[in-house]
Amino acid sequence: MKTIFRISLIVSALALPLCSCSDFLEKEPLSQGTEAIVFKTPEHFEQAANALYNMNGWKNLNGRGFEGSAVDQNTDINGLTSNGGGTVQESDWHWDKPYSHIRTCNILLAKANEYDGNQEDIAQSVGTAYFFRAWQHFYLLQYFGGIPIVDHVLDVSDPVLFGVRNSRYEVIDFIASDLRLAIPLLPKEKDIPESDKGKVSKEAAKAFLARVLLYEGTWEKYVPSINYDLDGDGKNDGAGSVKPDNYPSITDMLTEAKQMAKEVIEEAQTGTFALWEECDTLSYYYLFNIDDKGGNISNFRNAGKSSNKEFIFYKKYDYDLARGGINLVHSVLSGYVTNMSAQFGESFLCRNGLPIRISYTGNMADAQNNPQFLGYETFVGEFRNRDYRFIGCCNSIPDRISYAAQNPGRERVDAILPYPTPVFPKNNEIFDSTDPVYSSACAVFHPTIRNNSTMGTYSSRKFLIEGANRPVNTESADFPLIRLAEVYLIYAEATCELNNGEISDEDLNFSINHTRARAGVAPLTNALIENVWDAGYWDHAQGKTVCKKMNMLDEIRRERACELFGEGFRMDDLKRWGIAHINLTGQKLGRHVLGTAYETEKANDAAYFGEPCYYPEKYPLLYGVYEGSGNTDPDYGRSIATLAGNLRFSQKDYLNPIPLQQIRLNPNLAQNPGW
């Protein structure tokens with residue numbers, strides 16, 4: 001009786017109140033859950049469909065501040081650490097919340113089967129339910145692997161509540177099937193009225209199906225190489241390896257992923273979608289902080305949300321109707337969002353399309369700086385002639401300051417300048433306490449290494465709201481979930497995987513050369529990288545910089561990392577490529593210190609005026625400086641960003657553990673291997 005009572009509590013909790021996601025929901029505010037709706041008219045189904053927009057955004061599915069994985073926290077591009085080695089939790093909302101949202105999808109679909117009106121009148125609502133049922137199952141799959149498929153409304157005696165987990169292969173088959181059902185039922189984006197923008201479109205479902213198939217196709221191709229059985233036998237551990245009849249091959253999945261991406265790109269070519277390029281070389285940066293109501297000025301062109309045709313699917317926020325509700329500005333400025341590790345920052349190319357260090361022989365002895373890379377002898381050299389995604393998103397470029405909301409004197413009050421006018425000290429040799437620079441919010445001083453620094457990251461301002469009219473917790477930029485840039489990347493990666501690491505210049509121009517063009521980076525071509533070695537390639541397995549011959553798959557993965565950083569893809573990408581347990585372990589090195597301006601320049605701020613910018617006798621780096629084999633070592637003089645013992649990610653961390661409470665409720669749920 002206790003078990004049934006507890007299951008009953010869980011099931012009853014699955015009926016959530018309808019919630020606002022977008023302007024289109026304001027028209028039909030409801031206070032009851034989906035089960036309370038009387039499904040008699042198409043409007044009733046539309047109301048129920050409006051309740052299904054439950055996705056991670058500035059708050060996670062648990063209603064708290066954004067989840068770390070949503071902005072790539074705790075990966076090799078932010079913080080350099082991992083949550084590996086944790087313990088199994090008693091309960092976990094990552095399990096509970098998606099299943100509660102799946103229930104609301106199933107209620108709508110069940111009522112649709114009973115509806116005696118014209119099915120065409122409720123087609124969009126039904127397509128929306130299929131889309132979100134797939135969305136929530138994929139969320140669970142990425143987190144836990146194989147999970148129980150729930151394709152109907154459960155009661156307390158339903159066998160699903162007491163059954164075994166479905167294998168990941170069965171879940172993927174189910175997700176793909178739901179999306180194929182959704183696509184013909186959903187409207188094209190261009191046919192969605194302006195008042196309903198934000199609703200799921202046919203192109204969003206195609207793009208999501210492409211994402212799912214690329215994810216699983218590459219997972220099944222690469223993850224077996226980690227030599228760790230993540231499937232288990234389905235009884236003693238894991239979800240098993242059962243495959244449905246006619247389960248697609250890796251080639252089948254990648255082929256369909258490519259085709260779905262192709263169809264979305266072709267629709268974009270008609271003008272439905274487009275990369276956002278309203279702010280010249282800073283377009284990439286400003287794409288993510290458009291927040292243009294309530295008197296807020298988002299950017300120096302005053303371009304608002306109506307100008308953004310890049311977001312195919314997104315968590316929609318509105319200053320009047322649905323604010324973000326978190327202290328986003330503080331989080332960005334404090335480095336809690338999208339900071340880049342040193343290795344990741346150095347992976348951004350120069351504008352000629354090549355890495356910052358190159359070789360034409362593969363011999364590190366004759367490696368040289370890219371002609372466009374100006375080195376580390378000055379503070380600003382490494383930021384010149386680089387990918388605009390790197391330059392635009394770096395928060396502390398040493399000769400400029402950024403606008404920032406909630407920071408008096410640095411808030412954007414007009415649409416004129418891309419950056420505030422910087423204020424520099426009048427004299428770097430003699431301290432003058434009356435110099436206005438010391439009271440200016442736009443002061444720019446020589447960077448210094450102080451306070452147990454690791455010098456392990458580049459501070460990133462991606463998602464930073466700039467305007468003067470955004471008090472704490474009112475930031476309301478939309479959160480991207482699927483955007484056109486990702487579809488370009490899916491097409492390129494699927495094509496390259498299908499062709500054994502090769503891709504034509506034509507396919508590159510059809511896809512990722514669009515994102516590179518916005519970033520100010522030369523087009524990727526076969527001729528560009530032929531017989532060129534990346535002499536600044538950080539080999540995570542060896543824990544050092546090596547000379548690696550450039551190849552198309554590496555460059556497509558680099559482009560994906562650079563374009564999508566901070567948007568919640570990186571951890572899953574590292575896993576599906578079978579390299580998470582390599583990239584997230586071992587000692588990591590930080591930024592270059594010895595032989596740089598940090599040794600030759602002096603501090604000119606009030607606190608440290610006249611001291612060396614790097615003063616190890618007084619302010620040693622937390623983990624010291626790496627010297628390797630001496631000053632000919634390519635990593636000589638870099639800070640040690642973190643020690644190997646700080647990184648505990650292992651193969652079992654490719655999947656998270658099933659919460660203990662769920663296993664007690666249903667002993668047939670076998671725990672994931674290793675937990």
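How many residues does helix H7 have, and what does it reach from its first C-alpha to its last? Before I answer, let me say that what we are looking at is a predicted model. Helix H7, running over residues 202-222, has 21 residues and reaches 30 Å between its first and last C-alpha, close to the 30 Å expected at 1.5 Å a residue.

Let me put helix H4 beside it. H4 covers residues 93-114, which is 22 residues, and its span from first C-alpha to last is 32 Å, close to the 32 Å expected at 1.5 Å a residue.

Now to the protein as a whole. There are 21 helices and 11 strands in the protein. Its radius of gyration is 26 Å, close to the 26 Å that the globule rule gives for 675 residues, so the protein is as compact as a globular protein of that length. Taken along the principal axes, the C-alpha atoms fill a box of roughly 85 × 55 × 55 Å. Buried residues account for 58% of the 675 residues, and the accessible surface comes to about 26100 Å², with 49% of that belonging to carbon and sulfur atoms. If we take the contacts between residues at least 6 apart in sequence, 72% of them join residues at least 24 apart. On the charges, there are 65 positive and 87 negative ones, and their mean positions are 2 Å apart.

I would like to finish with two single residues. Ala-257 lies in helix H8, residues 250-268, and, with a relative accessible area of 0%, it is buried, because the cut-off for that label is under 20%. Leaving aside residues up to four places away in sequence, Ala-257 touches Ala-210, Leu-213, Leu-214 and Ile-490. By contrast, Leu-287 is 30 residues from Ala-257 along the chain, and their C-alpha atoms are separated by 26 Å.

The other residue is Arg-516, which is found in helix H15, residues 513-518. Is this arginine buried or exposed? At 1% relative accessibility, Arg-516 counts as buried. Again not counting residues up to four places away in sequence, Arg-516 touches several residues, among them Leu-349, Gly-353, Leu-528 and Glu-559; Val-521, Ala-522, Pro-523 and Leu-524 are also in contact with Arg-516.

Terms used
Residues are numbered from 1 along each chain as its sequence is written. This is a predicted model: local features need pLDDT of at least 70, side-chain atom pairs count only at pLDDT 80 or more; totals for chains, interfaces and linings use all residues. Side-chain values use heavy atoms; hydrogens and water are left out. Helices (H or I, at least four residues) and strands (E, at least two) are DSSP runs, numbered from the N terminus. The expected span of a helix is 1.5 Å times one less than its number of residues. The radius of gyration is taken over C-alpha atoms; the globule rule is 2.2 Å times the number of residues to the power 0.38. Buried means under 20% relative accessible area, exposed over 50%, partly exposed in between (1.4 Å probe, protein chains only). Contact means heavy atoms within 4.5 Å. Accessible areas come from the Shrake-Rupley method with a 1.4 Å probe; for residues, only the protein chains shown count as cover. Lys and Arg count as positive and Asp and Glu as negative; His and the chain ends are not counted. The place of a charge is taken as NZ of Lys, CZ of Arg, CG of Asp or CD of Glu.
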